[in-house]
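Thanks for coming. I will go through one structure this morning, chain by chain, then the contact and a few single residues.

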Amino acid sequence: MSAPAKEARAVEKVDLRSPEEIRAEKKKGRMGAWLILPGMLYMALFFAAPVVVLLSMSLFVKPEGAELGEFVPGWNFGTYAEVWNRYWPVLLRSFVFALIATVAALIIAFPMAYLVAVRLRGKPLLKGILLVLLIAPFFSSFILRTQAWKQILADEGWIVQTLKAVAILPADGSLTATPFAVICGLTYNFLPFMMLPIYASLERLDTRLLEASGDLYASPAQTFMKVTLPQSMPGVFAGTLLTFIPAAGDYVNAAILGNNRDTSMIGQVIDSRFFKVIDYPGAAALSFILMVCILILVLIYIRRFGTKDLF
Amino acid sequence: MYNTKLGKWFIPVVGGLAFVYLLVPIVYIFVFSFNDGGKSNLQWRSFTLDNWKNPCGAPGACESLVNSLSVGAVATIIATVLGTAVAIGLVRYKFRFRSTADLLIILPLATPEVVLGASLLAQFLNLGWDLGYWTVIIAHVMFCMSFVIVTVRARVAGLDDRLEEAAADLYASPMQRFWKITFPMLIPGIVAAALLSFAMSFDDFIITNFNSGTFSTFPKFVYVAAARGIPAQANVIGSAMFIIALLVVIIGQVISYRRKKALAARG
C-alpha cells in the first residue's frame, strides 16, 4: 500500500468513529488499567521495591565497634569485590551443577512428555493419571523426597551395596555426600518443570507430519531432528529456563545430599550469610550478583535460541 | 520415530521408567510410614500401624500441616483473583506501560528463590514488620501470581472474540458478556492456575524459610526435623497428602471425562 493510500485510510478510520465510540474505547482502556492495577501494585511493592532495598542493603557499612548484625546505610562497594573474590568458585560450581542437571532433566523429560502427549492420544484417562502423578509429588514435600533419596542412596542401602558387589563402585566409595548425589537431586526435583512445558508443545504436534516425513524416506533420527524437535522447541526452551534458574539458586539439595567440601552451592552461602554469620550486606551483594549473572545467561540464551512464543 | 519398531517400544519403556524414577521416593516414604523406627526412622525395624493411627504424635507435625494448608489456601485465592484480573487486562486492553507490566511479571520467574526470599526479608527488616503468618502469605502471593498470570493469559489469548460479539449483538451488557461468556470459558485455565499455585505454595521451602521467623510450615518442619531425625509421622502426612491430591484430581478428571462423553453422546 502506498503512503497516500495509507493516510487516506487512516483519515477514513477516524471519520468512521462516532464520539460515543471514541469515548467507549477510552473507557475500555481505563477499565484495563483498573484490572491490572491491583496486581501490578502488589508486584511493585513486594517484588520490585524489595529488590531495590536489597541493592541498597548490599552497600551498607559496618560502623566502628558495631554489634553483630548492626549496619548503617552507606556506599560500600567493597563488599561486592570481597564476596566475589571469596565465592566465585562456589558461584561457578552452582552454574555447572545447574547446567548438568538441566541437560539430564531434558533427556529424561522428553520421552515422558512424548509418551503422554503423542503416544497416549485418544486415551484421556491414562494421560490424565500420568499428568496427575507428575504434580501430586509436590504434596509429599520435596524436602521429604530429597531426604528419602539420601536414605535410598545411603552407604548401607541396597543400591550402594549392589554397586559395590558388582564392582561398579569401589569398596570405600559412596553415593551420598558427592557432587553426583547433588546433581541427581537437582535433576529429580525440577523434572516436572521441564516436562510440563515440553508436554504442552508436543500436545499440538501434528502426527501427520511424522508420517509425511517417513513417507519421504527420512530415517527415524532424521524425523526426530527435523520435525519433532523443532516443533517442540518452545516447550524445550521454557522447560530449560524453568529448570536452570531455580536449580542454580537451590540450596536444599546441596544441604541434604552434599558435603562441606566440594558440593556447596551459592544458595547455601547466601542463607548462612543471612542467618548464621549475620552479614546482611554480604548476603545481599551475593544475591544481587547471582541475579545479575542469571539474567545475563538467560538473555544470551534467549538471543541465541529464543522463539517468538515466549518472552 | 512414530512408526518404527524401535520407536514403538523405546518411548513407552524410557518414558515409563522416568515415571517410575519420579515415584521411587514416594514409595520409600510410604513404606517407611509403617516403620516402627523410633525417633529417627532411618533403618527398617518392624511393621506397625501406630504412626497412621496417631499422625499428630510428633510434636509440631500437624500444626505445621495446618499452617501449610491455610497459607496455601489464602495465598492461592489472593494470587488467583489478582492474577486473573491482570491476565484479562493485559490481553484485552491497550495502555501505556504495558512493557513495564510484562517485565514485572516475567522477572520474578527469572529470579531464583533465594534472591526473592532474601529481598523480601530485606524489605520486611527495613519496614520493621514481624515475620510470621502474614509475611509468608505476602511472599507466596508474590511468586504464585506470576504463574497465575502466565497460565491464564494463554487461555485469554486463545479465546474466540466472535462469541462475545455475538452476545453483544443479542443486547447483552458488557457485564453480562463477561460473566456469561468470557468467564465460563476461562474457568479451566483459572482452575489449573489455582491448583498449580496451591501446589507451589504448599511445597515451598526456600522463600518461606527466609520470611517465616518462628512460624512453621510442613516443609520447614521436615527440614528442621532432619537434623535430629525425621519422625515417621512426617512420612504419614507426606503419603496421606500425596494420596489425597491424587484422588481429588483423578475423581475430578473422571467426572469431567464422563460429562464430556455424555455431551458427545447427546450431540
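Before the first percentage, a definition: a residue is buried if 20 or more other C-beta atoms lie within 10 Å of its own, exposed if 12 or fewer, and partly exposed in between. By that count, 41% of the 311 residues in chain A are buried. Please keep in mind that this is a predicted model.

Chain A, then. Chain A holds 13 helices and zero strands. If we take the contacts in chain A between residues at least 6 apart in sequence, 69% join residues at least 24 apart.

Now chain B. Here we have 11 helices and zero strands. Buried residues account for 42% of the 267 residues in chain B. The radius of gyration of chain B is 23 Å, whereas a compact globule of 267 residues would come out near 18 Å. The C-alpha trace of chain B spans about 70 × 60 × 35 Å along its principal axes. For chain B, among contacts between residues at least 6 apart in sequence, the share joining residues at least 24 apart is 77%.

In soluble globular proteins, nonpolar side chains tend to be buried together. In this model the largest nonpolar core has 144 residues, and those touching the most other members are A109(A), A113(A), L286(A), A118(B) and M145(B). The helix of chain A that gives the most to this core is α3, residues 78-119, with 15 residues. Domain 1 (3-57) and domain 2 (80-305) of chain A each supply at least three residues to this core. Take L286(A) as an example: leaving out residues up to four places away in sequence, L286(A) touches V83(A), Y87(A), I266(A), V269(A), I270(A) and R273(A).

K150(A) sits in helix α5, residues 142-152, of chain A. Is K150(A) buried or exposed? K150(A) counts as buried because it has 21 C-beta neighbours inside 10 Å. Setting aside residues up to four places away in sequence, K150(A) touches T176(A), I256(A) and L257(A). From K150(A) to G282(A) is 132 residues in sequence and 31 Å in space, C-alpha to C-alpha.

Two residues with positive phi remain. S141(A), which is not a glycine, has phi near 70 degrees. S141(A) lies in the loop between α4 (124-135) and α5 of chain A, and S141(A) is buried because 29 other C-beta atoms lie within 10 Å. I278(A), also not a glycine, has a positive phi of about 50 degrees. The loop that holds I278(A) runs between α12 (266-275) and α13 (280-305) of chain A. I278(A) has 15 C-beta neighbours inside 10 Å, so I278(A) counts as partly exposed.

That is what I have; I will take comments now.

Notes. Residues numbered from 1 in each chain as written. Chains lettered and ligands numbered in written order. Predicted model: local features only at pLDDT ≥ 70, side-chain atom pairs only at ≥ 80, totals over all residues. Core = buried A, V, L, I, M, F, W, Y, C linked by C-beta atoms within 7 Å. Helix = DSSP H or I, 4+ residues; strand = E, 2+ residues; numbered from the N terminus. Domains from an automatic or database assignment. Contact = placed C-beta atoms within 7 Å. Rg over C-alpha atoms; globule rule 2.2 N^0.38 Å.
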